Amino acid sequence: MKRFVPFLLAILALAAPGMGRAETGSWVKSGPVEARLVASVQGVGDLAKIPLGLEVRLEPGWKTYWRTPGDAGFAPRLDWSESRNLKATELIYPAPHRFTVLGFETAGYDAEVLFPIAATPAEPGKPLDLALKAELLVCSTICVPEMVALSLSIPEGPATPGASANDIARAQSLVPGDGRASGLTVTAVRGQGAVLEVEVTAREPMVAPDVFVETDPPVTFAVPKSQFLDGDRRAILRMDATDPTPGLDLAGRAMTLTVVDGNRSVEAPATAAAGLGGGAGAASAGLLAMLGVALLGGLILNLMPCVLPVLSLKLLSIVQHGGRAPAAVRAGFLASAAGILTSFLILAGALVAVKAAGGAVGWGIQFQQPLFLVFMVVLVTLFAANLWGLFELPLPRAVADRLGGPEGQGLGGQFATGAFATLLATPCSAPFLGTAVGFALSRGAPEVFAIFAALGVGLALPYLLIAAFPRAARLLPRPGRWMVALRRVLGGALALTALWLLSVLVVQVGEVPALAVAVLMGGLVAALWLGRRLAETARWAGAALAGLLALVAFAVPAVFGPSAGAAPVAESTAARWTVFDEAAIREQVAVGRTVFVDVTADWCITCQANKKLVLNRGTVAQRLEDAGTVTAMRADWTRPDESIARYLARHGRYGIPFNIVYGPGAPDGIALPELLTEGAVLEALDRASGKIKS
C-alpha cells in the first residue's frame with residue numbers, strides 16, 4: 001500500500017481546486033471579466049523581487065481602465081492583505097489605449113491585458129502564498145465593478161523560468177519606458193490657457209501618436225491633432241482640455257506624459273513652458289508640404305500598374321486630337337483634366353461623409369462594394385461597345401454643338417473620359433500617394449478636399465501640359481480609317497478590364513452571381529449589336545433591352561448578398577501564407593520569429609503587381625517560405641473588414657498595399673513602400689531579424 005501513497009498524493013494535488021503549475025493560478029470569472037495570477041518563476045529562489053502578472057480577459061465590447069482613467073472610471077483596486085510572506089507589491093501598467101465615447105475621453109484596455117507586478121517577499125527564499133482581491137471596473141454600454149478573488153502559491157526552490165515567463169516579459173516590454181528602447185523622445189512641452197502642445201521625435205517614422213497626460217489637479221484632453229515634420233520623425237501634438245476649469249492655464253504646470261505610437265511608448269515628466277510653438281504657421285507649412293507630396297503622388301499614379309485598364313482611354317483621347325486646331329486641342333484636354341479633378345473632389349466628399357458617419361475610410365474602398373463593381377462592369381462594357389461601334393448616344397443638335405461635336409469627341413465626352421479614368425485608377429496606390437491620403441483622412445474635411453484636389457491635379461498634369469502646349473498635338477497622325485481598327489483593339493482592352501472586375505466580384509458575392517452578371521453583360525452587347533442591325537425605327541428595341549439587362553445586373557448583388565457562396569476572404573494561393581492575426585504578431589516576435597504582413601485585395605492592382613514581381617518569386621519567396629524563422633501573414637481586404645481597417649489606421653494608412661515586417665530587431669515594425677522591390681524586402685527582413693542593426 002505504501003507504494004501507492006506518492007501516486008495518490010500526486011493525483012490529489014492535480015485534482016485539488018486552484019492547484020496545478022506553481023507559477024500559474026486558476027482563472028476566476030465574474031460577469032464579463034475573468035482573471036488569474038501568474039508568475040515568471042517556478043520557485044522563489046533567493047530573489048528580492050519576484051515578477052508576477054495579473055492577467056485579465058474581457059468579453060467583446062468591454063473595457064477596463066488605466067491608472068489615470070480620464071473622464072470616468074477607476075484604476076484596478078488590489079487587496080493583498082490575506083497573503084503570507086508578502087511585504088509589498090507594485091502594479092505596473094502597460095501603455096493604454098484611448099476610448100472616445102459621446103465626447104468622453106478615457107484610457108484603458110479592451111479584449112485582454114496582463115499587468116506586470118513586482119512582489120517583494122518579507123523573507124526571501126521562503127514560500128510565497130498570494131491571496132488577492134481585485135476590484136476591476138469594466139464598462140460597455142454600462143459600467144459594472146467586478147470583484148475576483150485570486151490565489152497563487154510559489155514554493156521554495158530554484159527561480160527557474162515558468163510557462164508564463166514570456167507573457168510577462170512581453171507585457172513588461174509594453175510598459176512605457178524612458179524612450180531608449182522605443183526611440184521616442186518628448187523634446188518640448190508648451191501650454192497656453194487650456195491648450196497643450198507636445199513635441200515628439202522618433203528614430204523611425206511615427207504613424208498615429210497619442211498622448212496621455214497626468215497632472216494634479218487632473219485635466220482631461222481630447223484626441224491630439226498631429227502635425228508631422230522631418231519625414232514623420234517629428235510630430236507636434238496639440239490638445240484641448242475637454243472640460244477646463246475657469247481660468248485654467250497649463251503654462252508652468254508639472255505633469256507626466258505618456259506618448260504611445262502603435263507598440264512604441266515613452267513616459268516622461270515635464271513642465272509646460274509658456275506659449276505655443278506650433279501655431280498656424282507650422283500647420284500651414286505642414287499642409288503645403290503635404291500638398292506637394294499629393295501632387296507628386298498623383299503624377300506618379302500615371303506610371304503605376306493601374307494605368308493599364310485606362311491606357312486605352314488615354315490613348316484614344318490623345319489620337320483623336322491629331323490634326324485638330326490648337327484651340328480645340330486645348331479645350332479637349334482641359335475638359336479631361338476637369339473630369340479627373342471633379343471625380344477626385346466627389347470622392348473626397350464621399351469619404352468625408354463616410355468618416356463623419358463613423359465608417360471605415362480608405363483609398364479604393366469603393367471596390368469592396370458589390371454594387372459599385374457591377375456599376376463599373378456595366379460602364380466598362382458600354383465603353384467597349386461604344387468603341388466597337390455598336391451604339392452612339394444621340395444628343396439634341398443644340399446640345400451636341402455646345403459640347404463640341406458628336407461621337408464623344410466633344411467636351412462632354414472628354415470630361416466623361418477623365419472621370420471614368422479616375423474611377424478605374426483608384427484601386428492602385430503609388431509612392432507618396434499613401435502618405436498624402438493618410439495625412440488627409442487623419443484630419444478634417446478641409447484637408448481632405450485640399451489633398452484630393454492636389455492628387456487630381458497631379459493625375460491630370462499630363463493633360464494640362466498638352467493643354468498648355470496644344471501645338472504638340474500636330475505631331476500626332478490625323479484621324480482616318482486606321483482608327484477603326486484601333487478602336488476595336490482598345491475596346492478589347494476594356495473588355496478584359498470588365499473580366500478583371502468580374503473576378504473581383506466573384507470574391508464579393510460568389511461565382512454564381514458573378515456569372516449571372518457576366519451573362520447579362522453578354523446579353524447587353526448582343527442587344528446593342530442586334531439593335532445596330534435593325535431598321536432605324538426599331539433600333540430603340542435593342543437599346544431598351546440593353547438598358548433592362550443593365551438594371552437586372554444591378555439587382556443581382558441585392559438578391560444574392562455578399563455572403564452567397566462568396567470566396568473566403570483570407571484565401572491564399574501559396575501554402576506559406578497564414579491568415580492575418582494581429583494578436584499573434586507579438587507572440588511570434590517574442591519567440592524570436594520574423595513576421596511579414598501583407599495587406600492586400602483582389603481589386604488592388606499594385607498589390608497584384610507586388611505579388612507577381614517580388615513576393616512570389618526569387619529570393620524573397622524563398623525567405624518567406626522559411627517556416628522555421630519567418631511567419632508570412634496575409635490580410636485580405638477585398639471585402640470590408642473592420643479589424644484590417646483599424647490595423648491600417650493605427651499605422652496611419654488608409655490605402656493598400658501595405659507591407660510591414662516585425663521581428664526581434666524591429667518589434668514595432670518596419671513599413672515598406674507601396675511599390676516593393678526585392679532589395680527593400682530583403683533588407684527589412686534582415687533588419688527585423690536582427691542581422692542588420694538599425
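This is a predicted model: local features need pLDDT of at least 70, side-chain atom pairs count only at pLDDT 80 or more; totals for chains, interfaces and linings use all residues.
I started at the hairpin of E12 and E13: two residues sit between the strands, and Gly 193 takes a positive phi near 65° there. My strand and helix labels are DSSP runs numbered from the N terminus (helices are H or I with at least four residues, strands are E with at least two). Residues are numbered from 1 along each chain as its sequence is written, and side-chain values use heavy atoms, with hydrogens and water left out.

**Around E13**

I looked up how E12 (residues 184–192) meets E13, and found an antiparallel pair joined by eight bridges. Two strands pair if DSSP finds at least two bridges between them. Val 189 stands opposite Val 198 in E13. Then I checked E16 (residues 234–240), which runs antiparallel to E13 and is joined to it by seven bridges. Here Leu 196 stands opposite Met 239 in E16.

Is E13 enclosed or open? Seven of the eight residues of E13 (residues 195–202) are buried, so the rest of the structure largely encloses this strand. Buried means under 20% relative accessible area, exposed over 50%, and partly exposed in between, with a 1.4 Å probe and protein chains only.

**The sheet E14-E17-E18**

Next I traced an open sheet of three strands in the order E14-E17-E18, with antiparallel pairing. E14 (210–215) and E18 (264–271) stand at the edges with a single partner strand each, so one side of each has no neighbour in the sheet. Neighbouring strands of this sheet are turned by 20° against each other on average, direction ignored. I counted eight bridges between E17 (residues 254–261) and E18, and Thr 256 stands opposite Pro 269 in E18.

**Helices H5 and H10**

I compared the axes of H5 (residues 326–356) and H10 (residues 445–468), which come within 8 Å and cross at roughly 165°. The two are therefore roughly antiparallel (angles over 145 degrees count as that).

**Helix H18**

Last, I checked the length of H18 (residues 678–689): at 1.5 Å a residue its 12 residues should span 16 Å, and the end C-alpha atoms are 17 Å apart, which agrees. The expected span is 1.5 Å times one less than the number of residues. Its buried residues include Val 681, Leu 682 and Asp 686. The buried residues of H18 pack against several elements, among them strand E21 (594–600) and helix H15 (605–615), where contact means heavy atoms within 4.5 Å. Just after H18, I noted that Gly 690 takes a positive phi of about 95°.

How values were computed:
Axes are lines fitted to C-alpha atoms, for helices over the stretch in contact, and angles run from 0 to 180 degrees between N-to-C directions. Angles under 35 degrees count as roughly parallel, over 145 as roughly antiparallel, 65 to 115 as roughly perpendicular and the rest as oblique.
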